[in-house]
Amino acid sequence: MNKTAEKERIDEMIEAIIKVSRGDYSAQVELSGRNDEVDSLAMGLNMMVDDIRTSREALQESEEKYRGLVNNVKLGIFRSTPGPTGKFLEVNLAMKELTGYSRKELLQMGVSDLYVYPEQREQVLEEVASAKGKTTKELRFKKKDGTGIMVSTTGVAVRDSADKIQYFDGILEDITERKRAEHNLKERIKELNCLYGVASIAERPGITQDELYQEVANLLPSSWQYPETTCARVTINGKEFVTENYRDTKWKQSADVKIHGARTGLVEVSSLEERPEIDEGPFLKEERVLIDAVAERLGRITERKRMEEELREKNERLDAQNEELQVQGEELMAQQQELIDKTREVEEANRLKSEFLANMSHELRTPLNVVIGFSELMADEVPGKINNEQRQWLNDILNSGRHLLNLINEVLDLSKIESGRMKFGLTDISLADVIQSLARTLVPVLTPRMQSLDIEVEKRLPLVHANEAKVGQVLLNLVDNASKFTPEGGKLKIEAVRSGDWCQVSVVDDGIGIRKEDQNRIFEPFYQLDNPLAKEKSGAGLGLALVRQIMDRHGGRIWVESEYGEGSRFIFTLPLATTS
Ligand code: ADP
């Protein structure tokens, strides 16, 4: 082998090595096929280059994979120099998305340039430096476009062998959304808490309206962002309820309290210090929603309380009225009892009176009968002749005696009936018969007065349940009165008709009649009116009283219908016989 050829092959190998060192792993050295030293050297070189290439490719592949991982995660990863003015040394792709700055821009910036409050940086570094492992903090960052974001930063200090901090590595996570959701949730809970608080204050038994408004005012600040520097005032119908720390400031949020659309009050929440402007002055839009809701609820609660109050007052009034009524009722009952007692007393006195009268009349009758009897004997001239004057006087004695006897008999009858001592049985009788026989006995009474008596009895008039003698007495009394109070030639009439379960009998005359005011009283004992038709007084005013007593005992009724000067109609009823 010549030297030149050998030199060429070695040069070829050197060239390949240079290529490899430049990163070109395609370099390969041709073999001579001579199988000499140089060939084996070239083979070794070729194998080495192959090895380097494959391992280089594997490394590249895994590097790419790793880079993809680091860049694709949503987490920002960075390395920075230590110290408060620490600069970014390396950042991943996600950092661009997170901050809005390009990688190039970031690498020229200090970490604290991203902080909203740069002064926090020192504290963060301190914590990271003193921590054994990593520490996590939540910070407010501002993006390139000025918008704020919340980040969670986890930092770790990377130290050299002398434990000196070489740089800080950090991972950033954008937690703005999560924070917003958390914040919203917190606001919502605060709002609910506040409204629940208002409702439970309103429901507290016995709470007055003033207490209610005061407590609502006290409750409000705690639901606002900065309770310690927030105060509240509730004004209802001109009355004010304020928190202890209340002060009128210009940073204020308010809502009207309305009842049926009419403004009746105001809810106000004020900040005691100036704060950065957010949604509505220094207040959040959630706080606007809340104050509106509180005002709306207060309106409804006030209206309800007013109605409850009214109802309570009404009830109280009713109770008072009830009480009064009860008292009146009791008084009435007492009066009624008194009346019952009095009536009983009167009844008892009446009974004693009747008893006395009955006894008296009985005692009077005996001697009177003697007077009448002997007068009659003398008038009949049994003991001897009498002259005309004596006869005249004897007749006067007899008339007066008989009148008196009649009177006494009536008194006796009345008192017997009233005291319940007169018993009479009731049977089924024919009224037509009683009326007919009475008409006959009355002929001698009516004829001298030229009075007529008509009888109109309904055909097939049923029997009545009565005492024949007493009914006869009643009729006689009524017809006798009719005759007495009717001028000569007058017309009298007896009518009898059925009316339901009763028989109704009327005694009618066309006589002098009775004034309205006397119509009831004539049934009282001894009540008499002057009779312009009679020369002398007859009767004692007991007839109608007796008649009424007899009717009562029959369960019937008697009354009069009369027109003064035109005549009267006395009507009585008797029960029909049960068999009819
Ligand atoms: P007297 O014994 O006076 O008839 P009564 O009790 O029978 O007593 O009647 C009371 C009074 O009623 C009579 O005094 C009379 O004024 C009045 N009276 C009764 N019947 C009639 C009648 N048919 N017409 C007018 N007045 C009558």
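User: What makes Arg365 stand out in helix 8?

Analyst: In this predicted model, helix 8 has a kink of about 25° at Arg365, and this residue lies shortly before the proline Pro367. Just after helix 8, Glu381 takes a positive phi of about 60°.

User: How do you know that the distance between the ends of helix 8 agrees with its number of residues?

Analyst: Helix 8 runs over residues 285–379, which is 95 residues, and at 1.5 Å a residue it should span 141 Å.

User: Why is helix 6 called roughly parallel to helix 8?

Analyst: The axes of helix 6, residues 176–203, and helix 8 come within 11 Å and cross at roughly 15°. Angles under 35 degrees count as roughly parallel, and therefore helix 6 is roughly parallel to helix 8. The crossing in which helix 6 passes helix 8 is right-handed.

User: Which residues make up the contact of helix 6 with helix 8?

Analyst: On the side of helix 6 they include Glu187, Glu191, Leu195 and Val198, and on the side of helix 8 they include Val289, Leu290, Arg297 and Arg304. Sorted by class, the residues of this contact are nine nonpolar, one polar and seven charged.

User: What makes helix 7 roughly antiparallel to helix 8?

Analyst: The axes of helix 7, residues 209–219, and helix 8 cross at roughly 170° and come within 11 Å. Angles over 145 degrees count as roughly antiparallel, so helix 7 is roughly antiparallel to helix 8. In this contact Gln209, Leu212, Tyr213 and Val216 of helix 7 meet residues of helix 8, among them Leu298, Thr302 and Arg306. The classes here are six nonpolar, two polar and two charged residues.

User: How do helix 11 and helix 12 cross, and which residues meet there?

Analyst: The axes of helix 11, residues 468–484, and helix 12, residues 543–554, come within 10 Å and cross at roughly 145°, and helix 11 passes helix 12 in a left-handed crossing. Residues including Val471, Val474 and Leu478 in helix 11 meet residues including Leu544, Val547 and Ile550 in helix 12. By class, this contact has eight nonpolar, five polar and one charged residues.

Notes:
Residues are numbered from 1 along each chain as its sequence is written. This is a predicted model: local features need pLDDT of at least 70, side-chain atom pairs count only at pLDDT 80 or more; totals for chains, interfaces and linings use all residues. Side-chain values use heavy atoms; hydrogens and water are left out. Helices (H or I, at least four residues) and strands (E, at least two) are DSSP runs, numbered from the N terminus. The expected span of a helix is 1.5 Å times one less than its number of residues. The bend at a residue is the angle between axes fitted to the seven residues ending there and the seven starting there. Axes are lines fitted to C-alpha atoms, for helices over the stretch in contact, and angles run from 0 to 180 degrees between N-to-C directions. Angles under 35 degrees count as roughly parallel, over 145 as roughly antiparallel, 65 to 115 as roughly perpendicular and the rest as oblique. A crossing is left-handed if the near helix is turned anticlockwise from the far one by less than a right angle, and right-handed if clockwise. Contact means heavy atoms within 4.5 Å. Ala, Val, Leu, Ile, Met, Phe, Trp, Tyr, Cys and Pro count as nonpolar, Asp, Glu, Lys and Arg as charged, and the others, Gly among them, as polar.
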